[in-house]
Amino acid sequence: MLEVEAYSGKTVMITGGRGYIGSSVANLLSRVDCRLILADRTGTGWEPECPRADVVSVSADLATDEGWRRVLCDVDYVFHLAGLEYDRGSFDWEIDLTNNFLTVARMLAVCKE
């Protein structure tokens, strides 16, 4: 179980915050007095209902260093849950590599800076 009160007063970013696992984490963290950033390509869509947290939606291409630089400013915690599901009918290894590996590599490179 996530100890949500530990995030009080912090800035938390969730990538994939509108997906199955990400939305559950976002709902939990929205009950805490924190700044909650939901980052994805569109910056629009689902948000937690009746949040106590200051919820901010941002648009970013997380396959680029610049995308991560824009969203990581003053962030205390990152839950990187964005990814692309494997679909046997339309598997494209380049899209899979970009969305599931490159985003993590870019995040780590920007954090290292």
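Reader: New to this one. How exposed is Arg-69?

Author: This is a predicted model. In the model, Arg-69 is partly exposed, at a relative accessible area of 32%.

Reader: Where does Arg-69 lie, and which part does its bridge to Glu-113 tie it to?

Author: Arg-69 is in helix H2, and Glu-113 is in the segment after H3. The pair is 44 residues apart in sequence, so the bridge ties together separate parts of the chain.

Reader: What's the N to O distance in that salt bridge?

Author: For the side chains of Arg-69 and Glu-113, 2.7 Å.

Reader: And Glu-113: buried or exposed?

Author: Exposed. Glu-113 has a relative accessible area of 62%, and the cut-off for exposed is over 50%.

Reader: Which other residue forms a salt bridge with Arg-69?

Author: Glu-66 does. The closest N and O atoms of that pair are 3.8 Å apart.

Reader: Where do Glu-66 and Arg-69 sit relative to each other?

Author: Both are in helix H2. They are three residues apart, which is about one turn of the helix.

Reader: How exposed is Glu-66?

Author: Partly exposed, with 47% relative accessible area. That falls between the 20% and 50% limits.

Reader: Why would side chains like these pair at all?

Author: Side chains of opposite charge can pair when their charged atoms come close.

Reader: How many salt bridges are there?

Author: The count is five. Another one of them joins Arg-106 and Asp-65, at 3.8 Å from N to O.

Reader: What does the Arg-106 and Asp-65 pair tie together?

Author: Two helices. Arg-106 is in H3, residues 93-112, while Asp-65 is in H2, residues 65-72.

Reader: New topic. Which residues make the nonpolar surface patch?

Author: Phe-91, Trp-93, Leu-97 and Phe-101. The patch covers about 460 Å².

Reader: Pick Leu-97. Where is it?

Author: Leu-97 is in helix H3.

Reader: How accessible is Leu-97?

Author: Leu-97 comes out at 41% relative accessibility, so it counts as partly exposed. Patch residues need over 30%.

Reader: How far is Leu-97 from Ser-59?

Author: Their C-alpha atoms are separated by 20 Å. Along the chain, Leu-97 and Ser-59 are 38 residues apart.

Reader: Now pockets. How much space lies in the largest pocket?

Author: About 470 Å³.

Reader: How many residues line the largest pocket, and which lie nearest its centre?

Author: The lining has 23 residues. Nearest the centre are Gly-16, Leu-81, Ala-82, Gly-83 and Leu-84.

Reader: Which helices and strands supply at least two residues of that lining?

Author: Helix H1 (20-29), strand E2 (35-40) and H3 each do.

Reader: Which one gives the most?

Author: H1, with three residues.

Reader: Last one. How do the lining residues divide into nonpolar, polar and charged?

Author: The lining of the largest pocket has nine nonpolar residues, nine polar and five charged.

Conventions. Residues are numbered from 1 along each chain as its sequence is written. This is a predicted model: local features need pLDDT of at least 70, side-chain atom pairs count only at pLDDT 80 or more; totals for chains, interfaces and linings use all residues. Side-chain values use heavy atoms; hydrogens and water are left out. A salt bridge is a side-chain nitrogen of Lys or Arg within 4 Å of a carboxyl oxygen of Asp or Glu. Helices (H or I, at least four residues) and strands (E, at least two) are DSSP runs, numbered from the N terminus. Buried means under 20% relative accessible area, exposed over 50%, partly exposed in between (1.4 Å probe, protein chains only). Patches are made of residues with over 30% relative accessible area and no salt bridge: like charges are joined within 9 Å, nonpolar side chains (Val, Leu, Ile, Met, Phe, Trp, Tyr) within 5 Å. Accessible areas come from the Shrake-Rupley method with a 1.4 Å probe; for residues, only the protein chains shown count as cover. On a 1 Å grid over the protein atoms alone, a cavity is a set of points where a 1.4 Å probe fits but cannot get out, and a pocket is an open set with protein on both sides within 12 Å along at least five of seven lines; lining residues have an atom within 4 Å of a point. Grid points are joined across faces, edges and corners, and a volume is the space filled by probe spheres set on the points. Ala, Val, Leu, Ile, Met, Phe, Trp, Tyr, Cys and Pro count as nonpolar, Asp, Glu, Lys and Arg as charged, and the others, Gly among them, as polar.
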